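Please examine the model shown here.

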Amino acid sequence: MTAPAYGVLRQVSETASVLLENNPSSMTLEGTNSWVLRATPSSPAVVVDPGYRDLEHLELLAGVGEVDLILLTHHHPDHAEGAPWFAERTGAPVRAFDPALCVGASSVVDGEVIEAGGLSLRILHTPGHTDDSVSLVLDGQVLTGDTILGRGTTVLHDLGDYLRSLRKLIELPPGTLGLPGHGPELLDLPATAREYLAHREQRLDQVRSALKTLGADATPRQVVEVVYADVDRALWAPAEWSVQAQLDYLRSEENG
């Protein structure tokens, strides 16, 4: 699936369109997907993850018309930094799991159903990438933020939380469309979540094996040099964060 052109709103489903921010990198893939959700073509929009405080992108996003609500999947600046400016520009409130990110509205809670712009969105708290990560369930599709990307794997803060979040997503109906924060949409999100879970379990086995060689007190960097030897070294720094989460998880198992 080819990446959409920057600055062009691309229809993905009956209710979801995406505007790709021009901020490509090894972490953001082609850039941040800002999602525009509408019940009908003439309905007010719900905008998810406006992105950085990138005024060119935000003005294009404001050009979609009336905005009823702004939702954030988590606090990272490539998703949330532009939200206060966008809220002021559109007059729409901002809601997120972290109250500090909210503007003119309360924080969301796990299981809450939000009615906005003629849409019903259910909040799934899916921590692991960050403590405040949420996924948004809407009519057979789920906006996943950075919990599951359009390709590749995400950086982890807490592996135990992340494994529990993957299991939540696996329970969704087969064929549920995944609308990620970066990369192309996923045609079967639960199947992708199962692949992620298998990958994480394989990585854990590799880390366990590396610790047998390196010793129980090995540093994340030492483990990365063994487990991620076949991965581009440009990705070793973020890999260290994920390995730290894996080591924390394994050591908590031993102490638990």
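The following questions and answers treat a predicted model.

This is a predicted model, in which local features need pLDDT of at least 70 and side-chain atom pairs count only at pLDDT 80 or more, while totals for chains, interfaces and linings use all residues. Residues are numbered from 1 along each chain as its sequence is written, and side-chain values use heavy atoms, with hydrogens and water left out.

Q: How many residues of strand β2 (residues 16–20) are buried?
A: Strands are DSSP runs (E, at least two residues), numbered from the N terminus. Buried means under 20% relative accessible area (1.4 Å probe, protein chains only). On one side of β2, A16, V18 and L20 are buried, as are S17 and L19 on the other. The number of buried residues in β2 is thus five of five.

Q: Which residue of β3 is the bridge partner of A16?
A: Two strands pair if DSSP finds at least two bridges between them. β2 and strand β3 (residues 33–37) pair in the antiparallel sense over five bridges. In β3, the partner of A16 is L37.

Q: Which residue of β2 is the bridge partner of R10?
A: Strand β1 (residues 10–11) pairs with β2 in the antiparallel sense over two bridges. The two strands form a hairpin with four residues between them. The β2 partner of R10 is V18.

Q: What is the relative accessible area of P50?
A: P50 is found in the loop between β4 (45–48) and α1 (55–62). Beyond its neighbours within four places in sequence, its contacts (heavy atoms within 4.5 Å) include E21, H57, L72 and F86. P50 is buried, and its relative accessible area is 0%.

Definitions and conventions
Buried means under 20% relative accessible area, exposed over 50%, partly exposed in between (1.4 Å probe, protein chains only).
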